[in-house]
Amino acid sequence: MALDGCGLLCKYTLFIFNLIFALVGFAFLGIGLWLRFSDGTRGIFQIEALNSSAFVLAVTVLIALGAVMLIVVVFGDYGACNEKRCALQVFSVLLVILAIADGVVAMVGFSNKDAVGAHIVEFYASMYGLYAANKDPVIGVTLTFIHSMLHCCGVSGIGSLELAKDTCPAPDGFWEKIKMPACPAIILSVFDSKASLMLGIFIGTGVLLIIALVCSIILLKQTKRNQQEATAYYSAVY
């Protein structure tokens with residue numbers, strides 16, 4: 001039996017949701033694997049004293065999160081496109097886990113925003129040091145993005161002293177040709193001032209996960225109803 005209008009809407013909603021999830025998951029996993037196995041960065045993971053550094057933890061989180069997102073996509077797409085109840089059930093359970101994790105991370109991060117900001121600065125400093133040492137192109141692109149987004153330059157901001165000056169944005173005015181804002185201070189300032197916005201992003205992500213969960217439950221109910229109707233029909237015919 002075919003899905004009704006609500007079921008079809010949920011089916012296509014889940015398809016779009018999984019497409020976005022897949023793109024983000026591939027990006028996280030790709031960046032994480034590059035930073036983990038790149039010639040310029042994999043040595044960090046072999047030094048026991050650095051195993052708890054912000055850089056190592058961030059790369060590990062990127063790889064794990066990317067892999068989990070792709071697993072969710074596999075079950076979600078297979079279940080929605082083929083109307084398979086087992087896959088949709090696994091997909092729903094994974095969405096519940098992700099929604100709970102999203103809420104916990106949001107609350108813990110917001111209540112400890114100073115410590116989180118310090119870890120982000122530590123991660124930036126690690127990226128900066130790695131780029132200064134070996135000019136890794138992926139790290140260079142990452143630094144360029146951070147510098148352009150925050151309009152800052154390196155750890156000091158002094159052009160004549162910066163080791164990653166080629167990743168810095170064009171200066172605005174004469175004074176910035178001598179000294180631009182230093183990124184660690186800007187990162188802390190932005191993170192502190194935008195903490196509420198970041199909390200809102202986590203809440204928005206949680207809402208999207210709940211919408212996907214509701215759609216998955218609707219599809220589960222409709223596929224169960226269709227299976228029952230098909231069984232009753234074949235029983236009556238044969």
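Which cysteine forms a disulfide with Cys-153, and how many Å apart are their sulfur atoms? In this predicted model, the partner is Cys-168, and the two sulfur atoms lie 2.0 Å apart. The model was read with residues numbered from 1 along each chain as its sequence is written, with local features requiring pLDDT of at least 70 and side-chain atom pairs counted only at pLDDT 80 or more, while totals for chains, interfaces and linings use all residues. Side-chain values rest on heavy atoms, with hydrogens and water left out.

Two disulfides are present in the structure, a disulfide being a pair of cysteine sulfur atoms within 2.5 Å. In the link of Cys-153 and Cys-168, the torsion about the S-S bond is about 80°, so this disulfide is right-handed. Both of these cysteines belong to the loop between H5 and H6, where they are 15 residues apart. Helices (H or I, at least four residues) and strands (E, at least two) are taken here as DSSP runs, numbered from the N terminus. Cys-153 has a relative accessible area of 3% and is buried, and Cys-168, at 16% relative accessibility, also counts as buried. Buried denotes under 20% relative accessible area, exposed over 50%, and partly exposed the range in between, for a 1.4 Å probe and protein chains only.

The other disulfide joins Cys-152 to Cys-183, with 2.1 Å between the sulfur atoms. Its angle about the S-S bond is 95°, and the link is right-handed. Cys-152 is placed in the loop between helix H5 (137-150) and helix H6 (174-178), whereas Cys-183 belongs to helix H7 (residues 183-193), so the pair ties together parts that are 31 residues apart in sequence. Cys-152 and Cys-183 are both buried. When the bonded cysteines of the protein chain are numbered in sequence order, the pairing reads 1-4, 2-3.

Cys-215 takes part in no disulfide, and the nearest cysteine sulfur, that of Cys-10, is 3.3 Å away. Cys-215 counts as buried, at 8% relative accessibility.

Rings of Phe, Tyr and Trp (its six-membered ring) pair if their centres lie within 6.5 Å; planes under 30 degrees apart count as stacked, over 60 as edge-to-face and the rest as tilted. One of the pairs, Phe-17 with Phe-91, is edge-to-face, at 6.5 Å centre to centre and 75° between the planes. This pair links distant parts of the chain, since Phe-17 is in helix H1 (residues 5-37) and Phe-91 in helix H3 (residues 85-111), 74 residues apart. Phe-17 is buried at a relative accessible area of 12%, and Phe-91 is buried at 0%. Ring pairs also bring in Phe-21, linking Phe-17, Phe-21 and Phe-91 into a cluster.

Tyr-124 and Tyr-128 form a tilted aromatic pair, with 6.3 Å from centre to centre and 35° between the planes. Both tyrosines lie in helix H4, four residues apart, which is about one turn of the helix. An α-helix has 3.6 residues a turn, so residues three or four places apart point the same way. Tyr-124 counts as buried at 2% relative accessibility, and Tyr-128 is buried with a relative accessible area of 8%.

Helix H4 (residues 113-134) comprises 22 residues and reaches 32 Å from its first C-alpha to its last. This is close to the 32 Å expected at 1.5 Å a residue, the expected span being 1.5 Å times one less than the number of residues. The buried residues of H4 include Gly-117, Val-121, Met-127, Leu-130 and Tyr-131. The charged end of Lys-113 sits over the ring of Phe-110, 5.5 Å from its centre; this term applies if NZ of Lys or CZ of Arg is within 6 Å of the ring centre and within 35 degrees of the ring normal.

Positive phi values were also found in the backbone. Just after H4, Lys-135 adopts a positive phi of about 55°. Glu-83, although not a glycine, has a positive phi of about 55° and is located in the loop between helix H2 (54-82) and H3. Glu-83 counts as partly exposed, at 25% relative accessibility. His-151, likewise not a glycine, has a positive phi of about 50° and is found in the loop between H5 and H6. His-151 is partly exposed, with a relative accessible area of 23%.
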